[in-house]
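Welcome! Take a moment to look over the chain below, and then we can walk through some of its parts together.

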Amino acid sequence: LLLVSLCSFYSCHAKRTTESFKLDGAKTEATLTKFAISPNAEGKITLKLTSDKEYMGASENLKVYLYNDDVWDKVKKTPLCTEKIAFASKKLDVQFTNINERIKQKNAIRKNKWRATITSAVGDVRAERPQYWYVTVADCSLEVYFHDNRIPEIDYDIKIMDFRKGDTVTYRMMKLAWLAYIS
């Protein structure tokens, strides 16, 4: 409710996408979403990745990449993962943790789950045009090792919000709304 109230008063936009993906030797990257950031605004991204199985080597190989629209056509035309990631504006590490302990404490069904939460700012508050961004997840090591049977399916929930960094009061209120939105 706080987010809805503030967004209607202070001009902010939010997007949420929930789906799943599975990487393998032939599909080493997955595009999770495309989103726009308003001119003179900054975006905030929160991405939650969840899997029933451990992703062996995720901390070394699995990364989240952010691309802006200036390079996206080049990314789509580039065949190899290792070449595509060179165009990324931002690279974010993925660190899965076992959340089985939390599930046990809540007396829920005991499933072994793995989760990673990635948060980042994106965009340029000085941009005078809308900024279009693409979020991908990639494991370029799959191009070489093809360890497909060890790569689990991953569910994701990505939340993106943009807002203008106007006066300090507005910015602080939007930060509070963002924190309420991602929790």
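Ile99 is buried, because its relative accessible area of 6% falls under the 20% cut-off for that label. In this predicted model, Ile99 sits in the loop that links strand E6 (97-98) to helix H5 (100-105). Which residues does Ile99 touch, leaving aside its neighbours within four places in sequence? They are Lys113, Trp114 and Arg115. Take Lys113 as one of them: Ile99 and Lys113 are 14 residues apart in sequence, yet their C-alpha atoms are 5.6 Å apart in space.

Arg115 also leads us to a pair of strands. In strand E7, Arg115 is the bridge partner of Thr50. Strand E7 (residues 114-122) runs antiparallel to strand E3, and the two pair over nine bridges. Strand E3 (residues 41-51) is mostly covered, with 10 of its 11 residues buried.

Now let us turn to another sheet of strands. This one is open and has four strands in the order E2-E8-E4-E5, paired in the antiparallel sense. At its edges are strand E2 (29-37) and strand E5 (90-93), each of which pairs on one side only. From one strand to the next, the twist averages 20 degrees. Within this sheet, strand E4 (residues 62-68) and strand E8 (residues 131-139) are joined by seven bridges in the antiparallel sense. Val64 stands opposite Val137 of strand E8.

Strand E8 also holds Gln131. Is Gln131 buried or exposed? Gln131 is buried, since its relative accessible area of 8% is under the 20% cut-off. The side chain of Gln131 reaches the backbone oxygen of Ala41 at 3.5 Å. Beyond its neighbours within four places in sequence, Gln131 has contacts that include Phe35, Ala36 and Ile37, as well as Gly123 and Asp124.

| Residue | Place | Relative accessible area |

Finally, a word on confidence. The protein chain averages a pLDDT of 82, and 74% of the residues score at least 70. Where does pLDDT stay under 50? One such stretch is residues 1-10, for which the model has 15 contacts beyond four places in sequence. Another is residues 167-172, with five contacts of that kind. Where pLDDT is low, the predicted coordinates should not be read in detail.

How values were computed: Residues are numbered from 1 along each chain as its sequence is written. This is a predicted model: local features need pLDDT of at least 70, side-chain atom pairs count only at pLDDT 80 or more; totals for chains, interfaces and linings use all residues. Side-chain values use heavy atoms; hydrogens and water are left out. Two strands pair if DSSP finds at least two bridges between them. Axes are lines fitted to C-alpha atoms, for helices over the stretch in contact, and angles run from 0 to 180 degrees between N-to-C directions. Buried means under 20% relative accessible area, exposed over 50%, partly exposed in between (1.4 Å probe, protein chains only). pLDDT is the predictor's confidence in each residue, from 0 to 100. Contact means heavy atoms within 4.5 Å. A polar contact is a pair of N or O atoms within 3.5 Å; within protein, one must be able to donate a hydrogen and the other to accept it, and residues adjacent in sequence count only if both atoms are side-chain atoms.
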